[in-house]
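I opened a notebook page for this structure and listed what I wanted to look up. The entries follow in the order in which I worked.

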Amino acid sequence: PQTHAAPAAQAHPSSPAEMGGPGLYSGIGKKAKDLLYRDYQTDHKFTLTTYTANGAAITATSTKKADLILGEIQSQIKNKNITVDVKANSASNVITTITADDLAAPGLKTILSFAVPDQKSGKVELQYLHDYAGINASIGLTANPVVNLSGAFGTSALAVGADVSLDTATKNFTKYNAALSYTNQDLIASLNLNNKGDSLTASYYHIVEKSGTAVGAELTHSFLSNENSLTFGTQHTLDPLTLVKARINNSGKASALIQHEFRPKSLCTISAEVDTKAIEKSSKVGIAIALKP
């Protein structure tokens, strides 16, 4: 289920002492991506979460994409530091994820995931968070697995990271990326080298002091095609329960959304997209409702 984004628009990035380390590699640039892309959609989506007597959470999701209706049911059970998550979708896939927090050592998370009927989907993942490092390693449970290793090193203010994947069957690197991040009280900037060095992405996230407004931008340059793509966006907290967002990119696609928490933890999000270079085309409108007790 979606979570209310309005409080996040008001919250400042914590100070280096409070944040406690650089986090994981996947977190570099995430704040700007969330502002620019999270909750924008042109489909119709309904999510309902309920809880059983033993504390298990059951979430049912239905999404209408054009003439297709896609469904998903997810159940989550927590027992101390063990979480079991089982998800079934309308494509007849059952995905199970078992997460153990601090099982072998403080800061170490172990994740086992597999999907049925895909026999090659099994994967074991280890995540370790430290004051000066965040490490993520995973290996597929096959005879010739894909091995992934990523890490972020530094502090909560300044961090560098790398992300590498090796296909042991072909002995080829399927992925190698690098990133740099800078964070202070109201600004987060990052630089990511992706797609085996083909694209360079710079992102920026800034909170306007005490206004409930945040702005963000993402600029990507492809060295192979020599093309640039730019997306700029902003979000503003109208009140503690209502958030509005807007974005536009250099292709002329403009989007906006309003998200309201009409009851505790329950959200209604209405978003729209229009091509400013082809106004004659009808705009796309998406509605997402998430109900949670």
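**Surface and overall form**

I began with the total surface, and the accessible area of the protein comes to about 16,400 Å², of which 61% belongs to carbon and sulfur atoms. I note at once that the model is a predicted one, and I read every value below with that in mind.

I then went through the secondary structure and found 3 helices and 19 strands in the protein. The radius of gyration is 21 Å, close to the 19 Å that the globule rule gives for 293 residues, so the protein is as compact as a globular protein of that length. Along the principal axes, I have the C-alpha trace spanning about 55 × 50 × 40 Å.

For burial, I wrote down that 34% of the 293 residues are buried. I also looked at contacts between residues at least 6 apart in sequence, and 32% of these join residues at least 24 apart.

**Nonpolar core**

Which residues form the largest nonpolar core? I found 7 residues there, namely Ala32, Leu35, Leu36, Ile188, Tyr205, Ile207 and Ala214. Both α3 (30–37) and β13 (199–208) supply at least two residues of this core, and α3 gives the most to it, with 3 residues. As background I noted that nonpolar side chains tend to be buried together in soluble globular proteins.

**Nonpolar patch on the surface**

I next turned to nonpolar side chains on the outside, where Phe153, Leu158, Val160, Leu180, Tyr182, Leu191, Leu193, Leu200 and Phe223 form a surface patch with about 770 Å² of accessible area together. At least two residues of the patch come from each of β10 (158–167), β11 (172–183) and β12 (187–194).

I picked out Phe153, which is found in strand β9 (residues 146–154), and asked why it counts as partly exposed.

**Single residues**

Leaving aside neighbours within four places in sequence, I found Asp167 in contact with Asn144, Pro145, Val146, Asn172 and Thr174. I also took the C-alpha separation of Asp167 and Gln74, which are 93 residues apart along the chain, and it is 31 Å.

Asp186 lies in the loop between β11 and β12, and with a relative accessible area of 22% it is partly exposed. From Asp186 to Asn249 I computed 24 Å, C-alpha to C-alpha, for a pair that is 63 residues apart in sequence.

Ser113 is found in strand β6 (residues 108–116), and its relative accessible area of 16% makes it buried. Not counting residues up to four places away in sequence, Ser113 touches Thr96, Thr97, Ser121, Gly122 and Lys123.

My last entry is for Ser266, which has its place in strand β18 (residues 266–275) and counts as buried at 0% relative accessibility. What does Ser266 touch, not counting residues up to four places away in sequence? I listed His260, Glu261, Ala290, Leu291 and Lys292.

Methods
Residues numbered from 1 in each chain as written. Predicted model: local features only at pLDDT ≥ 70, side-chain atom pairs only at ≥ 80, totals over all residues. Heavy atoms only, no water. Patch = residues over 30% accessible without salt bridge, like charges linked within 9 Å, V, L, I, M, F, W, Y side chains within 5 Å. Areas by Shrake-Rupley, 256 points an atom, 1.4 Å probe, with all protein chains shown as cover. Salt bridge = Lys/Arg side-chain N within 4 Å of Asp/Glu carboxyl O. Helix = DSSP H or I, 4+ residues; strand = E, 2+ residues; numbered from the N terminus. Buried < 20%, exposed > 50% of the residue type's maximum accessible area, 1.4 Å probe, protein only. Core = buried A, V, L, I, M, F, W, Y, C linked by side-chain atoms within 4.5 Å. Rg over C-alpha atoms; globule rule 2.2 N^0.38 Å. Contact = heavy atoms within 4.5 Å.
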